[in-house]
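Good morning, and thank you for the time.

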Amino acid sequence: MAESQSALQGKRIVLTRAAHQLDEMEELLRRRGAVPLAYPCIAIAAPEDLAALDAALADLLAGAFDWLVLTSQNAVIVLADRLKQPALCGPAALAHGMPCPTIGGERGQDAGWNEGRFAVAAIGAATAEAAGRLLGLSVQLMPDEFVAEALAEALAGRLRAGGRVLICQADIGRPVLAAALRARGIAVTSVVAYRTVIGSGGVNLPRLLADRQVDAITFTSPSTVHNLFTRLAAEGGDAGHLAGVCVACLGPVTADAARSHGLPVHVLPNTHTIPALVEALEAYFAR
């Protein structure tokens, strides 16, 4: 028996996340016959000043933290790059028996460099997967709901007052996690691992919207929402043309950002993953 046609067949769906993160969603959509339209609204850049990040990573290697918290795949990517720097593996790290990790690309072969000296928490399955693939780290804690509030609650249950946590996040990351942990007497060092800047390239979205050639638009973070409006304005687009377009958001914080711009949210999956978002889109158009 032939497979039934997906409800996404022929649907033109805009993807607003960073260009280096598009592959998975593009592939899932194409399998269903959809037409992915890349319009990156964010891009990732290293901090303008790397001193604080490098100092925190040197302390991590020296055994100064009980937990490392990774808030996104982008944080993992930047850490993998910074941990290649020989300057991080100084006398303090070696004195604590912490070898300099030999990190480079797809490096599962060096998964033992941590050896239990600190535990790892992550927000989201994709972040946990990247931690294993790029850093060789096993994630001990990942909340069921992929938001900072859920991780704060779960992590607080694992730590006593005086516990030491390193949080690596974006420059625009919400302070919810650090504040919740500090309120419980936990020592938190929060460092900027990367900057989120406005994206570029992709399709001519202003024209496609004006011609009613978009069926849905997807947002995976609040910054993709905010920067969409910035890009549209800069490129002569009209945000009013989003009326009638299905708006799909990866999680509740992103959905709140969309609503703050007056956008109705039509799709919000219960599980905050890319496959779940695509499945929820398919279910929406199947109605």
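I begin with R212, which is found in the loop between α8 (205-210) and β8. Helices (H or I, at least four residues) and strands (E, at least two) are DSSP runs, numbered from the N terminus. The model is a predicted one, in which local features need pLDDT of at least 70 and side-chain atom pairs count only at pLDDT 80 or more, while totals for chains, interfaces and linings use all residues. Residues are numbered from 1 along each chain as its sequence is written, and side-chain values use heavy atoms, with hydrogens and water left out.

What is the phi of R212? It is near 55 degrees, a positive value in a residue other than glycine. Most residues other than glycine have a negative phi. R212 counts as partly exposed because its relative accessibility is 48%; buried means under 20% relative accessible area, exposed over 50%, and partly exposed in between, with a 1.4 Å probe and protein chains only.

Now to the overall inventory. The protein has 11 helices and 9 strands, and buried residues make up 50% of its 287 residues. Taking contact to mean heavy atoms within 4.5 Å, 68% of the contacts between residues at least 6 apart in sequence join residues at least 24 apart.

Strand β1 (residues 12-15) runs parallel to β8 (residues 216-219), and 3 bridges join them. Within β8, I217 stands opposite V14.

I turn to the other sheet. It is open as well, with 5 strands in the order β3-β7-β6-β4-β5 and mixed pairing. The edges are β3 (42-45) and β5 (119-122), each of which pairs on one side only. From one strand to the next, the twist averages 25 degrees. Helix α3 (residues 73-82) packs on this sheet, touching β3, β4, β6 and β7 (187-198), and its direction makes about 100 degrees with that of β7. For these angles, axes are lines fitted to C-alpha atoms, for helices over the stretch in contact, and angles run from 0 to 180 degrees between N-to-C directions.

Which elements does T196 connect? T196 lies in strand β7, and counts as buried because its relative accessibility is 16%. Leaving aside neighbours within four places in sequence, its contacts include I42, A43 and I44, together with A170 and S223.

Next, the helix pair. The axes of α2 (residues 51-61) and α3 come within 11 Å and cross at roughly 75 degrees. That makes α2 roughly perpendicular to α3, a term that covers 65 to 115 degrees. L53, D54 and L57 in α2 meet V78, L79 and R82 in α3.

Finally, the cores. A nonpolar core is a set of buried Ala, Val, Leu, Ile, Met, Phe, Trp, Tyr and Cys residues joined through side-chain atoms within 4.5 Å. The largest has 27 residues, of which L68, L70, L79, L135 and L166 touch the most other members. Two or more residues come from each of α2, β4, α3, α5 (125-135), β6 and β7. A second, separate core has 22 residues, including L205, L208, F229 and V247. In soluble globular proteins, nonpolar side chains tend to be buried together.

Technical notes: Pairing = 2+ DSSP bridges. Parallel < 35°, antiparallel > 145°, perpendicular 65-115°, else oblique.
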